[in-house]
Amino acid sequence: MGDMLKGRTALVTGSTSGIGLAIATSLAEEGARIALHGLPKQEEIDAALAQIGATGAEARFFDGDLRDPDKVEALVAAVADWGPVDILVNNAGMQKTVTIAEADRAVWDAVIGLNLSACFHAMRLVLPGMKARGFGRVINIASVHGIVASQAKAPYVASKFGLVGLTKVAALEYADAGTRESGGVTVNAICPGWVETPLIEPQIAARAEQHGGDRDAAVRSLLAEKQPSLRTAEPSDIGAAALYLCSRAAHNVTGVSLPIDGGWTSQ
Ligand code: NAD
């Protein structure tokens, strides 16, 4: 285990699977204490705690449906009782592929509530403490869909564009907190393209139906449409980027929306 983040506490929302678990693991490998969070089955909680435990880092699990602002407040308070939140990774998110005509109020409210409002509430609660301590890192997991649009994703695209905007405002408001030595307070977004996690399985399954049930052909087809590298990212690739943003050397990297998208948004 490295010690770059020794003594730091990181809250990673939605960290019992996919990108969140990979980020939590990367931070744990550098010594951070990890507040795992999600809404999974007990087996997944146990598996995530074991994965973080294997790094030698301390971890605890916290729950809460973050579509409810009261639950966001309760989560942040519970983690803060355990240790001051030095790193907040707003990662929990949901996707729903529907056209604007098909989308109803419930879909809109759920996607905006989780992917955008919950991030805002967590940030407003942790940023003042980060400023007081002179060090803090907020990493918002947005998406290529925070930079460009696709059809049938209006609530998701709106939530992720909102998250990129929120990231920039927070970066400006906290840019002068701390010092080069203390590491400062930075707020950034990571904007992944296709990453192999449970979140994209419904889209792969829908595309596979057009390819005689062939999952690999479905993934190739989705990549060919948007992602010029023709490679999906692994969750650990996103973890490595998050770790860099948490380093002291990244004290002047703030307000950035970092695409990890194989060229998708360069087109
Ligand atoms: P995932 O489904 O593996 O993880 C989602 C996490 O969010 C899980 O831990 C889940 O328990 C949690 N969650 C879901 N609903 C919740 C709720 N109502 N309240 C609290 N927690 C809830 O998916 P992932 O792909 O790892 O997604 C993580 C983030 O990455 C999301 O914000 C997603 O939009 C973003 N993203 C993913 C991709 C991709 O290709 N997988 C691409 C771009 C952005």
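**Exercise 1. Sort the lining of the largest cavity into nonpolar, polar and charged residues.**

Solution. The lining of the largest cavity holds nine nonpolar residues, two polar and no charged. Here Ala, Val, Leu, Ile, Met, Phe, Trp, Tyr, Cys and Pro count as nonpolar, Asp, Glu, Lys and Arg as charged, and the others, Gly among them, as polar.

The model is predicted: local features need pLDDT of at least 70, side-chain atom pairs count only at pLDDT 80 or more, and totals for chains, interfaces and linings use all residues. Numbering runs from 1 along each chain as its sequence is written, and side-chain values use heavy atoms, without hydrogens and water.

Next, the names. The lining consists of Leu 11, Thr 13, Leu 66, Val 72, Leu 75, Asn 90, Ala 92, Leu 114, Ala 118, Cys 119 and Ala 122. H3 and H4 are the elements that give two or more residues to this lining. H4 gives the most, with four residues.

Last, the volume. The largest cavity has about 50 Å³. One cavity of 30 Å³ or more is counted. A cavity is a set of points on a 1 Å grid over the protein atoms alone where a 1.4 Å probe fits but cannot get out; lining residues have an atom within 4 Å of a point. Points are joined across faces, edges and corners, and volume is the space filled by probe spheres set on them.

**Exercise 2. Describe the largest nonpolar core.**

Solution. Start with the count: 35 residues. A nonpolar core is a set of buried Ala, Val, Leu, Ile, Met, Phe, Trp, Tyr and Cys residues joined through side-chain atoms within 4.5 Å. Leu 11, Leu 88, Met 123 and Leu 127 have the most contacts inside this core.

Helix H3 (69-82), helix H4 (105-133), H5 and strand S6 (184-192) each supply at least two of its residues. H4 gives the most, with ten. Helices (H or I, at least four residues) and strands (E, at least two) are DSSP runs, numbered from the N terminus.

**Exercise 3. Find the positive phi angle at Ala 152 and at Leu 230, and the exposure of each.**

Solution. Take Ala 152. Its phi is about 65 degrees, although it is not a glycine. Ala 152 sits in the loop between strand S5 (135-141) and helix H5 (154-174). Its relative accessible area is 31%, so it is partly exposed. Buried means under 20% relative accessible area, exposed over 50%, partly exposed in between (1.4 Å probe, protein chains only).

Now Leu 230. Its phi is near 60 degrees. Leu 230 lies in the loop between helix H7 (215-226) and helix H8 (235-246). At 53% relative accessibility, Leu 230 is exposed.

Terms used. On a 1 Å grid over the protein atoms alone, a cavity is a set of points where a 1.4 Å probe fits but cannot get out, and a pocket is an open set with protein on both sides within 12 Å along at least five of seven lines; lining residues have an atom within 4 Å of a point.
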